[in-house]
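Here is a friendly briefing to read alongside the model. Please keep the structure open as you go through the points.

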Amino acid sequence: MQFISKWSWIFAVVGAFFGAIAVVLYMVIGELGTVGTLLLVAGGSLFIAWAVFDKDNVQAGLSTKQFRYGSGSVVVTALAIMLAVGTLVVTTRHDVSWDLGRAGRFSLSEMSAQTAQGLQEEVSVLAFFPEGSLDEQLFRRLMESYQGETDLLSVDFVDPDSSPILAADNDITNAYGTVILQAGNRSQRMESEFGEESFTNTLIRLFSAEDYRLCWSTGHLEIDPDDDQTAGGLGFAVLKLEGRNYSVTKSSILTDGIDAACDAVIVAAPQRDWEVAEREALAEYIAGGGKALLMIEPRSVPELSADIERYGVILGNDLVQDPEVRGQAIDVADKAFVIVLPEEMALHPITEQLNGPVLLGASRTVAAARGVQGYVLHELMIGSDESWGETNFERNPLEDPLAWQPNLDTERVGSVPLMVASIIADPLVLGTVSPDMAGGLVPGGAVVVAGTADFARNDLYVRGANQDLFENIIGWLVDDEAPLAPGPSGEGDELYLDFVRLSIAVLTAVIILPGLAVLLAMIAAVRRRFQ
């Protein structure tokens with residue numbers, strides 16, 4: 001035993017050698033592997049054997065004053081350095097980040113993450129940005145988030161000034177940045193917006209097999225699809241659609257009819273009623289398998305509102321009132337402003353994935369007809385238990401707070417329906433042709449009828465689940481299986497540092513604060529020495 005104790009220091013040397021080899025292997029290949037793990041275990045075992053067989057000398061050495069104030073401090077310092085280096089290696093090899101911001105702004109949205117994870121083909125991204133620009137830094141950070149979700153995304157950053165030939169070959173003329181996505185022989189470009197939403201939409205468009213044409217009804221004072229400046233416009237929604245594989249064209253149904261090539265017709269809050277020819281043109285289009293979104297505001301276009309019943313949908317001549325206190329959460333005191341919670345929505349492809357409330361706005365009731373044949377009808381959302389459809393417009397609620405009260409005899413009261421999706425299973429019910437001429441009819445035409453367009457207007461479009469609702473409606477109508485990607489889950493504060501501020505931050509963290517700590521330690525040591 002004395003012989004083993006005398007030469008046990010060899011165990012420590014060999015153990016340290018094995019441990020060093022394991023660390024080198026990890027730093028070179030990025031993982032320990034079987035060999036590295038065995039070496040690490042063997043080295044640790046040899047260290048333990050040394051401590052056991054030579055425990056008397058080890059204990060005596062640790063208890064000496066020389067060790068505590070001399071070599072012991074060296075050992076502790078060496079261990080601290082090894083711990084720091086090991087931590088650096090591990091964090092470098094296994095880079096993981098957490099978004100602790102209250103809005104989750106620096107995390108990919110669920111839709112973006114799913115899009116990246118669902119890639120089946122390698123995508124190469126060529127990012128042309130001036131080196132060191134803010135757009136380059138932000139896009140680089142965004143790409144790191146996407147690459148954390150998939151191994152099929154490669155990114156190369158190119159400074160157009162440093163590589164003019166490559167920039168010319170790719171037609172780079174934008175001095176602020178251009179991003180090119182390529183997969184096989186397909187490509188898409190980004191030349192203005194470089195955020196998460198824009199990139200995900202471009203990524204989806206890269207693999208989309210179809211382009212969709214939306215025809216926007218005009219001529220009846222409808223909301224202008226090009227209005228992205230005023231609160232009441234629908235430009236935000238249209239811009240989002242056009243950022244994907246959708247085109248929006250204005251269409252005068254009275255003069256031009258409805259082109260059969262339209263994937264869907266959008267009727268956005270007309271203020272002038274439709275002529276008989278226009279109503280028949282819409283019915284013929286739907287009977288031929290067409291799709292339409294009809295957003296009909298309260299107390300407007302009575303003849304078109306009545307004609308919509310041919311699609312199995314009944315529009316009430318009323319204004320929904322909902323005294324539920326939930327409106328106070330967003331500073332809305334108007335009882336006609338309807339807010340629909342997820343639990344008040346149907347299990348339907350349009351609504352089942354909505355994760356937040358819909359701020360519907362002022363609406364009329366929209367109900368599915370009862371006892372009718374030839375339709376597949378779904379009431380997509382309802383008001384609260386306290387809601388009702390007010391029909392007494394002769395009394396002014398501003399003058400008399402009790403002017404509008406629910407009337408069980410003449411009004412819809414309690415959980416009133418607000419939006420309906422109708423699939424035309426039997427086109428003959430639309431009455432466009434007689435049964436002996438039904439050969440040209442196509443089952444499967446569909447309409448979605450909403451009693452308001454407020455939820456899609458610019459001022460409400462980005463609130464709650466409104467954006468997702470509108471885009472889900474359009475996607476369902478045109479059978480677009482690729483969902484439109486929402487942006488990050490919320491807004492948050494961002495901090496960007498220029499070179500001067502970044503230098504100050506680095507100097508403060510790396511030199512000033514540590515130097516101050518060293519200075520204080522030196523002062524304390526000097527004072528202790530001369531006391």
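Let's begin with Arg310, which counts as buried at 16% relative accessibility; buried means under 20% relative accessible area, exposed means over 50%, and partly exposed lies in between (1.4 Å probe, protein chains only). Its side chain meets that of Asp307 in a salt bridge (3.0 Å, N to O), a term that requires a side-chain nitrogen of Lys or Arg within 4 Å of a carboxyl oxygen of Asp or Glu. Asp307 also counts as buried, at 16% relative accessibility.

This is a predicted model, in which local features need pLDDT of at least 70 and side-chain atom pairs count only at pLDDT 80 or more, while totals for chains, interfaces and linings use all residues. Residues are numbered from 1 along each chain as its sequence is written, and side-chain values use heavy atoms, with hydrogens and water left out.

**Other salt bridges**

- A search of the whole structure finds 15 salt bridges.
- Glu121 forms a salt bridge with Arg186, with the closest N and O atoms 2.9 Å apart.
- That pair links distant parts of the chain, 65 residues apart: Glu121 is in the loop between helix 6 (110–117) and strand 1, and Arg186 is in strand 4. Helices (H or I, at least four residues) and strands (E, at least two) are DSSP runs, numbered from the N terminus.
- Glu121 is partly exposed, with a relative accessible area of 29%, and Arg186 is partly exposed at 30%.
- Lys250 and Asp224 meet through their side chains in a salt bridge (3.3 Å, N to O).
- This pair also links distant parts of the chain, 26 residues apart, with Lys250 in strand 6 (residues 246–251) and Asp224 in the loop between strand 5 (212–217) and helix 10 (235–242).
- Lys250 counts as partly exposed at 48% relative accessibility, and Asp224 is partly exposed with a relative accessible area of 35%.
- A network of salt bridges links Glu197, Lys240 and Glu471.

- Four strands form an open sheet with mixed pairing, in the order 2-1-3-4; two strands pair if DSSP finds at least two bridges between them.
- Strand 2 (153–158) and strand 4 (186–190) each have a single partner strand, so one side of each is left without a neighbour in the sheet.
- The twist averages 15° from one strand to the next. Axes are lines fitted to C-alpha atoms, for helices over the stretch in contact, and angles run from 0 to 180 degrees between N-to-C directions.
- Strand 3 (residues 178–183) and strand 4 run antiparallel and are joined by five bridges; Val179 stands opposite Met190 in strand 4.
- Helix 9 (residues 196–207) packs on the sheet, touching strand 1, strand 2, strand 3 and strand 4, and its direction makes about 160° with that of strand 4. Contact here means heavy atoms within 4.5 Å.
- Helix 7 (residues 134–147) lies across strand 1 (123–128), strand 2 and strand 3, running at about 165° to strand 2.

- Strand 7 (residues 264–268) is mostly covered, with five of its five residues buried.
- Ala264, Ile266 and Ala268 point one way from strand 7, while Val265 and Val267 point the other way.
- Strand 5 pairs with strand 7 in the parallel sense over three bridges, and Leu214 stands opposite Ala264 in strand 7.
- Strand 7 also pairs in the parallel sense with strand 8 (residues 291–295), over four bridges; the bridge partner of Val267 in strand 8 is Leu294.
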